[in-house]
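Student: I would like to go through this structure by question and answer. Please show it first.

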Amino acid sequence: MMKHVFDKVVISGVGLIGGSFARALKQAGAVRTVVGLGRSRASLERARELGIIDAIGDDIADAVKGADLVLLAAPVAQTGPILSALLPHLEPHTVVTDAGSTKTDVTEAARKVLGDRIHQFVPGHPIAGRETNGPDAAIPDLYRGKKVVLTPVPENSAEDVERVAQAWRICGAIIHRLSPQEHDKVFASVSHLPHLLAFALVDDIARKPHADLLFQYAASGFRDFTRIAGSSPEMWRDISLANQEALLTELDAYMAQLTSVRAQLASGDGKGLEAVYSNAREARERWIAAIETAEAPPPKDLAE
């Protein structure tokens, strides 16, 4: 257990993301008090019952008073309204960050609301999750070994960026930095599009007249491919719309790929199909190998 790094942390949204952040800080002994804010009283009560938070912020002014750090772990469309509610009560030393999956829109919303106090907001995005939601889904090791991307604004001080980075490192995360625009283009491809496809596939099958029969025979491959369709519909609605331009670009490229593969299938082009499948498998194997290399422990002599 470490000495308290943060005297008071406020979390708006104490579900999987915010709750896991709180659990990790608490497990490390890095925070003295965690206060929860949110729309659902039942979720806040459950979070307190589970020990994720120490108190419910019934009064925003009192909740934010003396806070070192505020984490917004709510759907990205709520960023502006939440910051508007917090702004009158933010103390000069308080740093605000977020966990939203899009960054350009979040940064613009923060700049619009905070104005010349934008320097107090350090945008961030933890690259971790599960298909379950709510306080009961929160676990202390969710971020261990996972990436957190920070997209600081020019007005941020190095000290405030480091404060946010330190919190995530205490949770076990590895810190990366991108611009908001770079972030949104990258994640439109490797996160937002896969979620859209998974939701669309399950929705398509569910609407078929013989859906019960189809789901009866769906096995592990279908479960693995569609796992992320168990994520929060509200959250992913907001993410899709917030990153609309980049997501449409990726969707158009994917539809072009599907058109090409369909033509190969229709013409019986087995060689062409195999080439697509082989390239995909080899690319995935290289990606998995790179992940395993990055996550591998150092040799014993170096570790010592």
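Student: Is F187 buried or exposed?
Tutor: This is a predicted model, in which local features need pLDDT of at least 70, side-chain atom pairs count only at pLDDT 80 or more, and totals for chains, interfaces and linings use all residues. Residues are numbered from 1 along each chain as its sequence is written, and side-chain values use heavy atoms, with hydrogens and water left out. Buried means under 20% relative accessible area, exposed over 50%, and partly exposed in between (1.4 Å probe, protein chains only). F187 has 9% relative accessibility, so F187 counts as buried.

Student: Where does F187 lie?
Tutor: Helices are DSSP runs of H or I with at least four residues, strands are runs of E with at least two, and both are numbered from the N terminus. By that numbering, F187 belongs to residues 180-206, which is helix α7.

Student: How far apart in space are F187 and S240?
Tutor: In sequence, 53 residues separate F187 from S240. From C-alpha to C-alpha, the distance in space is 11 Å.

Student: Which residues of α4 are buried, and why do they line one face?
Tutor: Helix α4 covers residues 79-86. The arc is taken from the directions from the helix axis to the C-beta atoms. Down the axis of α4, the buried residues fall within an arc of 165 degrees, so they line one face of the helix. The buried residues are T79, G80, I82, L83 and L86.

Student: What is the strand order of the open sheet?
Tutor: Two strands pair if DSSP finds at least two bridges between them. The open sheet has six strands with parallel pairing. At its edges, β3 (55-56) and β6 (121-122) each pair on one side only. The order is β3-β2-β1-β4-β5-β6.

Student: How do β8 and β9 pair, and what is the hand of the crossover?
Tutor: Strands β8 (residues 147-150) and β9 (residues 174-177) are parallel over four bridges. From β8 the chain passes through helix α6 (residues 158-170) to β9. A crossover is right-handed if, with the strands pointing away from the viewer, the path from the first strand over the helix to the second runs clockwise. This β-α-β crossover is right-handed.

Student: What span should α6 have, and how far apart are its end C-alpha atoms?
Tutor: The expected span is 1.5 Å times one less than the number of residues. For the 13 residues of α6 that gives 18 Å. The end C-alpha atoms agree, being apart by 18 Å.

Student: How far apart are the closest N and O atoms of E45 and R41?
Tutor: Both residues lie in helix α2 (residues 41-49), four residues apart, about one turn. E45 is partly exposed at 30%, and R41 is partly exposed at 40%. Their salt bridge has its closest N and O atoms apart by 3.1 Å.

Student: Which residue forms a salt bridge with E155?
Tutor: The closest N and O atoms of this bridge are 2.8 Å apart. The pair links distant parts of the chain, 44 residues apart: E155 is in the loop between β8 and α6, and its partner is in helix α5 (residues 104-114). E155 is partly exposed at 37%. The partner is R111.

Student: Which class of aromatic pair do Y143 and W168 form?
Tutor: Rings of Phe, Tyr and Trp (its six-membered ring) pair if their centres lie within 6.5 Å; planes under 30 degrees apart are stacked, over 60 edge-to-face, and the rest tilted. Here the centres are 4.9 Å apart, with 80 degrees between the planes. Y143 lies in the loop between β7 (124-126) and β8 and W168 in helix α6, so the pair ties together parts 25 residues apart in sequence. The class is edge-to-face.

Student: Which residues form one aromatic cluster?
Tutor: The structure has three aromatic pairs. Both Y143 and W168 are buried. The cluster consists of F21, Y143 and W168.

Conventions:
A salt bridge is a side-chain nitrogen of Lys or Arg within 4 Å of a carboxyl oxygen of Asp or Glu.
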